Amino acid sequence: MAAPGAAATDLEVVRGKRAALFFAAVVIVLGLPLWWKTTETYRAPLPYSQISGLNSLQLRLMVPVTVVFTQESVPLDDQEKLPFTVVHEREIPLKYKLKIKCRFQKAYRRALDHEEEALSLGSIQEAETMFAEPSEQAEGSLTVYVISEHSSLLPQDMMSYIGPKRMAVVRGIMHREAFNIIGRRVIQVAQAMSLTEDVLAAALADHLPEDKWSSDKRRPLKSSLGRVTRLCHGKGEGNELCGDSGAGGESACKRFTPFFCGFIFFLKHSVFLIPLLSSLCVHDGNQPHFRGEPSSTQPGVQAAFDPQMPLASLTPVFIGYEITFSLLNPDPKSHDVHWDIEGAVRRYVQPFLNALRAVGNFSVDSQILYYAVLGVNPRFDPASSSYYLAAHSLPHVINPVESRLGSSAASLYPVLNFLLYVPELAHSPLYIQDKDGAPVATNAFHSPRWGGIMVYNVDPKAYNGSELPVRVKVDMVRVMEVFLAQLRLLFGIAQPQLPPKCLFSGPKSEGIMSWELDRLLWARSVENLATATTTLTSLAQLLGKISNIVIKDDVASEVYRAVAAVQKAAEELASGHLASAFVASQEAVTSSERAFFDPSLLHLLYFPDDQKFAIYIPLFLPMAVPILLSLFKIFLETRKSWKKPEKID
Amino acid sequence: MAATAPLSLLVLLLLGPGVWGQTEPPRDSLREELVITPLPSGDVAATFQFRTRWDSELQREEGTDHSFLRYAVLPREVVCTENLTPWKKLLPCSSKAGLSVLLKADRLFHTSYHSQAVHIRPVCRDARCASISWELRQTLSVVFDAFVTGQGKQDWSLFRMFSRTLTEPCPLASESRVYVDVTNYSQDNETLEVYPPPLTTYQDVVLGTRKTYAVYDLLDTAVINNSRSLNLQLKWKRPPGNEAPPTPFLYAQRYVSGYGLHNGELSTLLYNTHPYRAFPVLLLDTVPWYLRLYVHTLTITSKGKENKPSYIHYQPAQDRMQPHLLEMLIQLPASSVTKVSIQFERALLKWTEYTPDPNHGFYVSPSVLSALVPSEVAAQPVDWEESPLFNTLFPASDSSSYFVRLYTEPLLVSLPTPDFSMPYNVICLTCTVVAVCYGSFYNLLTRTFQIEEPSKGGLARRLANLIRRARGVPPL
């Protein structure tokens, strides 16, 4: 009885073992993957490799330049070689991973008859009007006319001329190396009109990681004060100052001004600004207000430049802006202030914004605030019996006013504020002093990304004889002159670095020149690409790091769209189509931001993996323990049965 | 939609021909006034009104497109100083001059009643209504509790109420006045004394009753000049008796009834206390979609009889899209109570749609009553632009009635709430059941079964053998 019993038991044992092994196999092969699949978070696939490829993207910016040679501009045998194309390529030294190469593709050709005719005219203005009608050039492209060495089109001491449209004139030369010399001159002019390092550097400074970036361009954006002060002294016109001085300035600034910890910039009555508005006035036939300096009596043409304007004033990338003009009247008992803001906006601001339409949407509004005071008590200066605001107190001026403005609540767009402050009777006249204690000529200052403030003193003669309140009519030309110049700076329309001996035409009625707009578009496109790339990279990093973020299909499609748009923008830039490149870069920014800020990314962030495991413990523990125990037992027995035969041997 | 009728009526009333025709109103004109009403209980009510008007380029279009009409309501909001600050910012003089210096948050929010409003509407500039001005009217009403803050004393002054006094008018205001209601005390100067004595008084019919006000015009230099500031004082010569305040001709109540978490009933009681005049009332009710109304249960009874509304507009709700809209024109018989009731079923929400504190309940917005209430005294036709602001808030359509809009109290309805830990519980329970089944299966399939030879002993066996021996039976 023992033998068959033992045999039966052995059979049972083997069967039990097999069953246990089978259970383990089913659980591991079928159960675990099933559970994993059903409880997993949904993650749509993302183009990770493409995104990491974007990081080391090489941008080629192509500027198509048409160089037109008139007769007698170059030696005859050289003219025989026309037309041909020369490419001038140059890498812009940026200390980022992003590499930018700038290509000037110069297409040389002979002048057509009507061009020849126009350039033989007596003055440059006439030639320009002749060119103006037919040639509507694409954004980003330039035309340079080379005229004969002795042409009377330009004043004798001038070598080149830059016009308000995408047109320039360069004097030719009769020389064996004529093409080389002229080529260099053309490049100088073209650089001034399209791409310069500082514009790109300033555009990128805020968006790319600061690895080895030389501090020069970067610093004014961050609060490093010593640097800025040094820069100020190096400036001719754009005099900039920070509100505090010394090393402790930054912390002090932060402590006292929680919202506004910015830099204050002054704007002097630059010779550049006067023609800006004077040409506006001329254009509208509204001359009586015009009040220029002697040097600007010829409206339109000026030859003086500032090598560098504050680059820190660039406002960040947005789809739109709201521009708010506020009249602050802290003392309505003494002043009854009226301003014709609607007319002024229609006349001066709207043409400028229309020209900038490509950059974004703008909405303009205005308000009058009473009893809105500045946060700082002005000091009395007995020498001139006037009051003044010292430069170091200016950062504290904005905060108390800011709370009254309230415009940011009504708009989705970032707001640029322009404040006209009519000081109360007890504190007038009020002047703003710069760092050196000298009054600022415009009596105005601006702060990057916030806006500008101008102090408007009431004419003291108005108080004579009339009883309070005095009726004050604001001279809008004077005010808009300053606000428009500030607006230009806030949008980062810096003045160009011009080659020596260059004649320069002021902007026409729009207040902005076509090639300035191009420069802005170049800078903005590069900036947009940098922003989109950074956003996509950090999104990819974040998603890689945190594994239980849900990635929905629409987020994934936004990411794909952004990547495609970045690539398209880069291609368009390389082929010189600025307008479509800008559109694509904007799409890249919006898509990447939309993906990054999609609320669905946050849904399961508070349901981490360890909690998921904890919930399934009642299933796992009772299932795993017998399986593991029996596997362990089987393992022991197998090892024992392996060892036995060895002993026999 | 018919609720707009009184509104447009109101607009039309203000337009009356000839009002705007003669004089062009100044741009950005501001009028401000403060009405102080001593209540018989000794409490004091203060109502601020600020009205700004400015011209706009907007052209008035013919008629109103009703598809653009929107009605929204937030049934309840906790009121605090954060509500006052943006409200004050809308005032041209902020809180620096004029009546607005009295708006001090820590006093205004320590009152027993607080009501704050902003009305904005277009008004016509001329009789033809070709151009439009915008009117922004801000009102703030507070009732100061006499006994709590006055430490038993019932005398009042501006300084005691607001801890400020009036020093100067707002330079932007074309009118800046303080009115003190002295109607019940003007006959005999024995009960109440107002100091400084008013220079002028104003009499008018407000809310159907004749009222007398003492007027202090801040633009009148004589008012402030005496002591450089105006600190109005009310002194009770004889302590006010606890007489009941007069009941208004129209008031309403609203409540939820029913038990359980399935069905319920919304009831609105409309009171007409006028002894002999019946008048119609427009009742507008918006009910959120998660209370599913049974319209067939709508009953309106007054004086025990069914009261058929002369007009009903009902727009059913769509889940998560729009609430129920119920609008009725009901005739209220003289000295009666009318009960409007409708039954509803509570819907279940999705579990993510519940508020963070679902057991607190969900708010149901108040119903709105609009009515032309008959007045006690015939009102004289007045020039609306000349009369004080508080009067134009309840404009009389003709001499015999005035317009009133009432809001009932918001309701708090509790909805059935699920057990929010349910998903976790379900998972746990399922896992346990699966694990138990799995355990027995596993045992059954993997254990080896073998026959055990019965062993010698065992306590039971020995006990049995002991008994067997005692019985003389052979042991097992």
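Begin by selecting A:Arg594 and A:Glu558, whose side chains form a salt bridge in which the closest N and O atoms are 3.0 Å apart. The two partners come from distant parts of the chain, with A:Arg594 in helix α17 (residues 578-596) of chain A and A:Glu558 in helix α16 (residues 553-574) of chain A, 36 residues apart. This is a predicted model, and that should be kept in mind at every stop of the tour. A:Arg594 counts as partly exposed because its relative accessibility is 47%, whereas A:Glu558, at 11%, counts as buried. Side chains of opposite charge can pair when their charged atoms come close.

**A second pair in chain A**

Next, select A:Glu637 and A:Lys17, which meet through their side chains in a salt bridge with an N to O distance of 3.2 Å. A:Glu637 lies in helix α19 (residues 617-648) of chain A and A:Lys17 in helix α1 (residues 2-39) of chain A, so this pair ties together parts that are 620 residues apart in sequence. A:Glu637 counts as partly exposed, with a relative accessibility of 31%, and A:Lys17 counts as partly exposed at 29%.

**Chain A as a whole**

Of its 649 residues, buried residues make up 52%. When contacts in chain A with a separation of 6 or more are considered, residues 24 or more positions apart account for 79% of them.

Which residues touch the most other members of the largest nonpolar core? Select A:Phe325 and A:Leu356, for these two hold that place among the 113 residues of the core. Helix α15 (residues 514-545) of chain A gives the largest share of this core, namely 13 residues. If you keep A:Phe325 selected and leave aside its neighbours within four places in sequence, you will find it in contact with several residues, including A:Trp339, A:Ile341, A:Val345, A:Phe418, A:Met480 and A:Phe483. A second, separate core has 38 residues, and among them are B:Phe48, B:Leu108, B:Leu140 and B:Leu166.

**Inside chain B**

Turn to chain B and select B:Leu158, which lies in helix α5 (residues 158-162) of that chain. B:Leu158 is buried, with a relative accessible area of 0%. Not counting residues up to four places away in sequence, B:Leu158 touches, among others, B:Leu34, B:Ile36, B:Leu102, B:Leu166, B:Leu230 and B:Leu232.

Then select B:Arg31 and B:Glu175, whose side chains meet in a salt bridge at 3.3 Å, N to O. B:Arg31 lies in strand β1 (residues 29-38) of chain B and B:Glu175 in strand β6 (residues 173-181) of chain B, so the pair ties together parts that are 144 residues apart in sequence. B:Arg31 counts as buried at 5% relative accessibility, and B:Glu175 is buried with a relative accessible area of 12%. For a further selection, take B:Arg53, B:Arg121, B:Glu135 and B:Arg137, which are joined into one network by salt bridges that share partners. Over all chains, the count comes to 14 salt bridges.

**Where the two chains meet**

Finally, show both chains together and look at their contact, which takes 24 residues from chain A and 26 residues from chain B. About 2300 Å² is buried between chain A and chain B, and carbon and sulfur atoms give 67% of this area. Select A:Phe23, A:Tyr371 and A:Ile615, which supply 26% of the area that chain A buries against chain B, more than any other three residues.

How many salt bridges are there between chain A and chain B? The count is 1 salt bridge, and you can find B:Glu168 forming a salt bridge with A:Lys333, where the closest N and O atoms are 2.6 Å apart. Between the two chains there are also 7 residue pairs in polar contact. On the side of chain A that touches chain B, α1, α13 (395-405) and α19 each supply at least two residues, and the largest share, 8 residues, comes from α1(A). The residues of that side divide into 15 nonpolar, 4 polar and 5 charged.

How values were computed: Residues numbered from 1 in each chain as written. Chains lettered and ligands numbered in written order. Predicted model: local features only at pLDDT ≥ 70, side-chain atom pairs only at ≥ 80, totals over all residues. Heavy atoms only, no water. Salt bridge = Lys/Arg side-chain N within 4 Å of Asp/Glu carboxyl O. Helix = DSSP H or I, 4+ residues; strand = E, 2+ residues; numbered from the N terminus. Buried < 20%, exposed > 50% of the residue type's maximum accessible area, 1.4 Å probe, protein only. Contact = heavy atoms within 4.5 Å. Buried area = accessible area lost by both parts, 1.4 Å probe. Polar contact = N/O pair within 3.5 Å; in protein donor to acceptor, adjacent residues only side chain to side chain. Nonpolar A, V, L, I, M, F, W, Y, C, P; charged D, E, K, R; others polar. Core = buried A, V, L, I, M, F, W, Y, C linked by side-chain atoms within 4.5 Å.
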